[in-house]
Amino acid sequence: MNILGISAYNYDASAALVVDGNVVAAAQEERFGRDRLYAGFPSRAAKFCLDHAGLKSADLQAVVFYDKPRRRFDRLLKTQLAAAPASFVRFVTATPGWMRERYFFRLRLRTQLAALDCGDVPGALPLLFSEHHISHAASVFYPSPFEESAILTMDGAGEWPCISLCKGSGKSLQILQEQHYPHSLGLLYSAFSRFLGFAVNGGEYKLMALSAYGDDASPFYKKYREAIQADMMTIRDDGSFALNLSYFPLRFDTAIFSDARWEREFGMKRRRPDEPLMRRHANLALAVQRVLESVVVRTARHLKRLTGLSNLCFAGGVAMNSMANGRLEREGIFDQIWVPPAPGDAGGAPGAALAAYHLYFGRERLLHEPARAKQDVWLGPSYSDDDVREVLDLHGAVGEFLEQDALVARTAEALDRGEMVGWYQGGMEFGPRALGNRNIFADPRNPALQRKINLQVKFRESFRPLSPIVLEEEAASLFDNGAPSPYMSFSRKLRDRYRKPLPWNYATLTIKEKLHTDRSDFPAITLVDMSARVQTISASCNPLLHQLISAFRARTGCPMLASTSFNIREKPLVNTPEEAYRTFMQSGLDVLVMGSYYFVKSQQPIWDLVPLYNLE
Amino acid sequence: MRKRKRFINLMAVSLLSIGLSLLGLLFMQRKFFYVGLGVMLLALLSPWFGRKLGRPVISFLDGLFFVLLRLLLSIFYALVMVPWGLVYRLRSAAKDRQHRKNASLFHNRNHTCVPGDFERNW
């Protein structure tokens with residue numbers, strides 16, 4: 001049975017193909033069109049999925065969309081109603097678009113599917129619609145190794161729900177409670193992201209990274225937190241909350257917060273994207289991060305009471321917040337927590353397809369072994385050594401073909417020398433993070449590398465962290481929790497023995513000074529609060545990468561690498577060998593390992609290219 | 001693609017000639033009818049002419065549609081949305097008070113997913 005799942009028209013459009021209950025292909029449209037977080041229809045991703053499995057649309061049993069467009073239209077309309085007459089301008093300007101996008105949706109979807117080059121869409125092909133939060137719940141529960149689990153989904157907004165508390169058992173899914181729009185944790189966080197000069201739907205992870213530079217002993221942090229918890233929202237013990245809508249003009253304006261009101265409340269101007277980051281910005285980021293964590297923890301406790309289960313599946317955009325996930329893990333409310341590699345809207349595509357397979361067609365669920373479940377991430381396009389060879393020929397590139405052992409040994413040697421390595425292997429990752437096949441690696445012990453990678457390779461803010469990618473068997477010796485974290489979902493604290501004493505005035509240092517303080521034996525991956533967003537790798541799930549880190553450990557004694565995604569600022573992860581080679585040549589990378597080929601920058605032909613950015 | 005564009009241009013020109021013919025009928029002016037017919041014939045015979053005339057007609061119709069739609073929406077908003085909105089707000093306020101009493105702001109749903117859920121897009 002073949003089912004195509006589609007997530008579109010919100011942000012990060014994607015497609016996924018489920019064959020007999022297994023996700024065999026999935027990709028985000030942004031990777032093909034190079035338009036980050038693309039929000040249209042994922043034509044090329046859908047075509048990739050079908051081509052990957054050798055199918056035509058006539059071979060599909062159903063196409064499933066990841067939300068209910070008319071219910072979303074209903075929400076938009078009622079939101080306008082609730083704000084009438086203040087919503088006049090928004091209603092008149094936005095309604096035609098909503099009608100086109102949401103109301104006549106079946107026709108639109110059929111037209112888009114027919115436009116794929118994979119053949120005509122049979123008239124009898126069922127178009128199904130899964131609820132937004134059911135798609136999220138299915139995307140995390142069905143691939144998880146749990147027979148039975150509590151499921152928590154939190155995001156900006158689905159149709160109406162912004163938070164859903166569910167229970168999964170076998171193939172069945174039950175929605176227990178919901179919190180409805182506009183009282184949304186995702187929107188709250190996005191509003192602060194915008195206020196602090198970062199983008200909505202894409203800048204939230206910067207806000208999270210910035211929060212690590214805040215000081216929770218500062219009176220300003222306490223004032224900000226009090227303002228958020230007491231004035232801007234009401235939080236109940238069970239985690240449910242209500243936003244004070246006078247601060248969030250969502251219903252009658254396209255802005256998600258009121259500039260003047262917020263500036264008065266926090267005693268600071270809204271930060272423009274090009275303005276420098278100050279301590280007050282970090283303190284505000286920390287305050288909202290702590291509020292988010294507090295809501296997540298309270299809701300999880302409530303869900304535990306409701307279900308009595310010991311496992312938790314967590315999805316939705318909020319589940320991308322690895323610091324909140326880490327806090328949830330440390331609280332020990334649930335024995336095991338499972339977060340998928342694509343918890344956001346992109347994950348809705350496989351989720352919708354899996355939900356239809358089990359709930360609409362009633363097919364039984366095959367429980368995945370944990371090791372098998374961990375592999376459901378490299379679901380995108382993969383390219384052979386012949387494809388790499390073509391790039392070599394096209395650009396006159398100089399690459400050396402090496403056997404696997406030699407390739408690994410040379411790469412480990414380069415890393416030990418302090419070089420920055422682009423690593424391009426196998427299938428592309430599905431989801432926002434690079435998880436071992438499209439990465440940039442560096443030596444985590446080298447104090448200069450975080451800054452160097454941020455400024456010379458990724459061309460982004462220097463405070464942005466690198467993440468450790470660590471051998472699964474060594475994780476417990478390095479971090480406070482050694483449980484597997486295959487999708488980089490949890491933030492964990494570095495063990496004390498690797499930390500260095502901090503200066504007495506550390507809390508009062510500026511962001512830049514904190515960044516340059518020598519904090520641990522692994523400065524490239526340690527955030528200023530001694531945490532790191534950990535990814536664990538086992539030999540069974542990615543043998544080549546496991547071999548590389550093992551070789552690096554054999555040379556240096558260090559069982560991990562500093563890792564970040566293989567892309568540059570505001571661009572999606574590289575997809576083709578051509579993109580990988582271009583990125584290698586246009587950035588400050590020293591070495592590129594692509595398939596079995598090893599490229600050294602100094603040996604490449606000179607490219608007459610202006611550097612992409614200059615942040616120095 | 002080109003065929004489709006030509007078809008759209010012809011449709012626009014047809015609308016123009018029908019409009020002219022109607023004007024002719026309304027004001028009993030035969031020359032409007034002949035001009036409309038001539039324009040239509042020229043557009044059929046010469047794709048260049050169809051394109052030249054079709055584009056401005058399409059732009060004009062787009063603009064007219066844009067204005068009329070917003071005008072209609074404004075009337076709809078004033079006559080339907082505002083009074084309905086007031087009732088809706090009163091009802092919501094009553095619900096909110098109930099929520100405040102119950103402490104939790106979660107909505108109980110207790111729904112187990114069934115196949116029928118997937119067939120509706122609402």
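Here is a tour of this model, with something to select at each stop.

**Before you click.** You are looking at a predicted model, in which local features need pLDDT of at least 70, side-chain atom pairs count only at pLDDT 80 or more, and totals for chains, interfaces and linings use all residues. Residues are numbered from 1 along each chain as its sequence is written, while chains are lettered from A and ligands numbered from 1 in the order in which they are written. Helices (H or I, at least four residues) and strands (E, at least two) are DSSP runs, numbered from the N terminus.

**Stop 1: a helix pair.** Select residues 69–83 of chain A, helix H3(A), and residues 88–103, helix H4(A). Their axes sit 10 Å apart at an angle of about 170°; axes are lines fitted to C-alpha atoms, for helices over the stretch in contact, and angles run from 0 to 180 degrees between N-to-C directions. That makes H3(A) roughly antiparallel to H4(A), the word used for angles over 145 degrees. Show side chains for the contact (C-beta atoms, placed from the backbone, within 7 Å): among them are Phe73(A) and Leu76(A) from H3(A), and Phe91(A) and Trp98(A) from H4(A). Colour the contact by class and you get six nonpolar, one polar and four charged residues. Here Ala, Val, Leu, Ile, Met, Phe, Trp, Tyr, Cys and Pro count as nonpolar, Asp, Glu, Lys and Arg as charged, and the others, Gly among them, as polar.

**Stop 2: helix H5(A).** Move on to residues 105–114 of chain A. Which residues of H5(A) are buried? Pick Phe105(A), Leu109(A) and Leu113(A); buried means 20 or more other C-beta atoms within 10 Å of the residue's own, exposed 12 or fewer, with C-beta atoms placed from the backbone. Look down the axis of H5(A): the buried residues fall within an arc of 65°, so they line one face of the helix. That arc is taken over the directions from the helix axis to the C-beta atoms. Their cover includes strand E4(A) (62–65), H3(A), H4(A) and E5(A).

Stop 3: Now find the open sheet of six strands, ordered E12(A)-E11(A)-E6(A)-E7(A)-E8(A)-E1(B), with mixed pairing. Strands pair if DSSP finds at least two bridges between them. E12(A) (336–338) and E1(B) stand at the edges with a single partner strand each, so one side of each is left without a neighbour in the sheet. The twist averages 20° from one strand to the next. At one end, E11(A) and E12(A) are parallel over three bridges; click Asn311(A) and its partner Gln336(A). At the other, four bridges join E8(A) to E1(B), antiparallel, with Glu178(A) partnered by His107(B).

**Stop 4: the chain contact.** Select the residues where the chains touch: 40 from chain A and 30 from chain B. On chain A's side, E8(A) gives the largest share, nine residues. That side has 21 nonpolar, ten polar and nine charged residues.

**Last stop: a hairpin.** Go to E20(A) (591–594), joined to E21(A) by four antiparallel bridges. Gly595(A), in this hairpin with two residues between the strands, takes a positive phi near 60°. Val593(A) has Tyr598(A) as its bridge partner, and Glu400(A) stands opposite Tyr598(A) too.

Key. Angles under 35 degrees count as roughly parallel, over 145 as roughly antiparallel, 65 to 115 as roughly perpendicular and the rest as oblique. Two residues are in contact if their C-beta atoms, placed from the backbone, lie within 7 Å.
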